[in-house]
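Dear colleague,

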Amino acid sequence: MSKKKHQSAKERMQKLYGENLLLVNAYEEKKAATCDNGTYVGFTDGDTLVFRGIPYAKPPIGKLRWKKPVAPDPDDCVYTAFYNGKTPIQTEWPTEVASYYPQGEDCLYLNIWINPSYTEERTPMVFFHGGSYGWGGTADPLYDGKNFVTAHPEIVLVTVGYRTGLMGFVDFSSVPGGEEFPDAPNLGLYDQIESLRWVQRNIRAFGGNPDNVTIFGESAGGGSVSLLPCIEEAKGLFRRVIAQSGSVALTFSKKECQDFTTRLLKASGAKKMSDLMALSEDELKKVNEAVNYYNNFPQRDGVLIPEDPYLPYAQGKTTHCDIMIGTNANEINYWVGELGGIVPFRFGIPVKLENDMRDMSRANFRIVRKFLDKRKEHPIWNIAEFYNEMMFRLPAIRQAEEHCKHGGKVYMYYWKVPSRIRFRGACHAVELAYVFGNLQETIYTGKVGRKDISDMVQRMWVNFAKTGNPSTVPYRWSKYGRQYRATMIIDRNTHVEMSPLDRQRRMLWPLLDEHINMSYADMSYNVPYVHGMVAAVALTLAAVGTTVIGLLRRR
């Protein structure tokens with residue numbers, strides 16, 4: 001993004017900011033909802049009634065910093081609900097528009113949209129945003145619920161803010177005093193659980209049925225809603241799950257999480273937890289600029305999340321909920337933009353591959369080479385397809401298979417509607433504008449998408465939330481099974497296929513236990529690809545030099 005566009009995006013988001021206030025005068029009761037922690041007065045936006053910035057927990061500041069969220073106290077006061085809560089602390093980033101909104105530790109707020117013309121009981125849908133567990137926020141216009149709820153008045157839509165990065169996923173077990181913060185590696189997940197408890201207690205005030213809650217999310221949000229069915233504390237808080245481009249595979253081992261702690265201590269100069277607790281919010285923001293790119297994913301700590309993240313699914317502990325899960329055809333192409341264009345992408349992705357392969361068994365190493373050699377595309381896209389499979393598609397399939405093995409209901413989709421941005425294809429996050437009906441938000445799609453596709457997808461998502469079956473007229477979904485892997489291909493010609501890309505699945509399946517993920521904390525450039533690049537550059541320079549010398553001699 002150019003400097004001018006960066007400034008324009010920041011100004012746009014800053015203009016949206018405001019503070020919700022205590023009301024002491026009269027208010028319109030038809031725009032208010034009474035909850036256990038206050039009465040909140042929303043505002044109308046077209047056909048919808050909107051409530052922004054409702055707190056679902058006490059501010060995680062002071063003594064509550066890096067602690068599990070605490071439910072808010074009962075409150076009989078009346079407050080405006082006109083503005084989003086602050087975005088969690090994060091580095092400003094062009095594709096994470098919420099990062100330009102004012103940030104802070106005090107970020108545990110949610111937003112709600114309803115259509116007041118609908119007088120029957122509504123189905124709650126609760127959305128958790130993505131952002132690689134280090135970015136994102138509810139202020140992002142991409143997640144605005146107006147269009148979704150206008151089209152589907154039977155839904156009450158909730159979007160939830162939670163702690164990310166430095167404040168939400170950090171392991172202090174190696175820091176003196178860290179034993180007082182045992183939940184810090186997975187605080188963002190605890191925040192999500194607390195938000196769902198709030199929904200259970202209060203969603204009737206917005207016409208919602210607490211017994212029919214669907215949680216959904218994309219990327220880190222998809223990973224979150226995949227993990228929540230595995231967590232005992234979350235049982236009974238929701239009935240259905242929609243996981244978009246995220247699974248239990250988006251997690252780190254305890255060992256992988258240690259690098260972030262080391263970087264945090266170095267950047268802050270802290271030696272012990274009391275030093276970290278003494279940092280001001282502004283100091284935390286400055287420290288975050290040095291460490292945010294190395295943020296952790298949820299930790300497979302063996303307590304909240306098993307070391308084998310698929311285990312709860314394999315043991316049949318998740319069958320209390322229905323699941324719809326899917327991935328996009330070209331997930332990894334998203335990082336063409338994140339890395340700064342096709343040139344750095346073409347350099348970076350082979351380096352990532354060689355790092356991931358260096359500790360593989362000889363048998364798995366051969367599988368990777370065989371997969372890459374059999375494909376006929378450019379080597380860069382062959383590697384990208386390998387990561388499409390290992391980071392997204394195969395983990396989603398394994399999660400689905402383990403779930404349905406014990407009688408759990410699963411529906412699978414595969415998104416192929418492409419972005420219009422060059423080199424992106426059906427990249428990570430491209431479906432979000434369609435799901436929310438915010439086609440004017442073209443940051444991932446490149447151009448305004450087709451409304452008929454958006455209408456179709458929204459109806460599928462809503463039908464699943466309401467009934468547990470995403471079928472529509474004329475698109476009938478079959479349940480996913482281990483033998484008949486029915487998958488809805490969402491494209492300009494939407495249809496069901498059995499076992500798409502089955503040869504790739506069979507070939508790469510043994511590699512799932514490698515837990516290949518997005519961690520690059522210990523990335524080494526001392527790999528053959530870099531050596532080859534350096535040698536090629538040296539040879540090129542030598543050839544140019546020889547030619548120049550030859551020309552000079554001719555003179």
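Tyr484, Val496 and Met498 make a nonpolar surface patch of about 320 Å². Please note that this is a predicted model. Tyr484 counts as exposed because its relative accessible area is 59%, and the cut-off for exposed is over 50%.

In the largest cavity lies about 120 Å³ of space. Its lining consists of 14 residues, and Arg393, Ile397, Met412, Thr487 and Pro500 lie nearest the centre of this cavity. Helix H13 (379–405), strand E15 (410–415) and helix H16 (502–508) are the elements that give two or more residues to this lining. Strand E15 gives the most, with three residues. By residue class, the lining of the largest cavity divides into seven nonpolar, three polar and four charged residues.

The second largest cavity has a volume of about 80 Å³. Which residues line the second largest cavity? They are Ala249, Thr251, Arg300, Tyr310, Met390, Pro395, Leu511, Leu512, His515, Ile516 and Asn517. This lining divides into seven nonpolar residues, three polar and one charged.

With kind regards

Conventions. Residues are numbered from 1 along each chain as its sequence is written. This is a predicted model: local features need pLDDT of at least 70, side-chain atom pairs count only at pLDDT 80 or more; totals for chains, interfaces and linings use all residues. Side-chain values use heavy atoms; hydrogens and water are left out. On a 1 Å grid over the protein atoms alone, a cavity is a set of points where a 1.4 Å probe fits but cannot get out, and a pocket is an open set with protein on both sides within 12 Å along at least five of seven lines; lining residues have an atom within 4 Å of a point. Grid points are joined across faces, edges and corners, and a volume is the space filled by probe spheres set on the points. Helices (H or I, at least four residues) and strands (E, at least two) are DSSP runs, numbered from the N terminus. Ala, Val, Leu, Ile, Met, Phe, Trp, Tyr, Cys and Pro count as nonpolar, Asp, Glu, Lys and Arg as charged, and the others, Gly among them, as polar. Patches are made of residues with over 30% relative accessible area and no salt bridge: like charges are joined within 9 Å, nonpolar side chains (Val, Leu, Ile, Met, Phe, Trp, Tyr) within 5 Å. Accessible areas come from the Shrake-Rupley method with a 1.4 Å probe; for residues, only the protein chains shown count as cover. A salt bridge is a side-chain nitrogen of Lys or Arg within 4 Å of a carboxyl oxygen of Asp or Glu. Buried means under 20% relative accessible area, exposed over 50%, partly exposed in between (1.4 Å probe, protein chains only).
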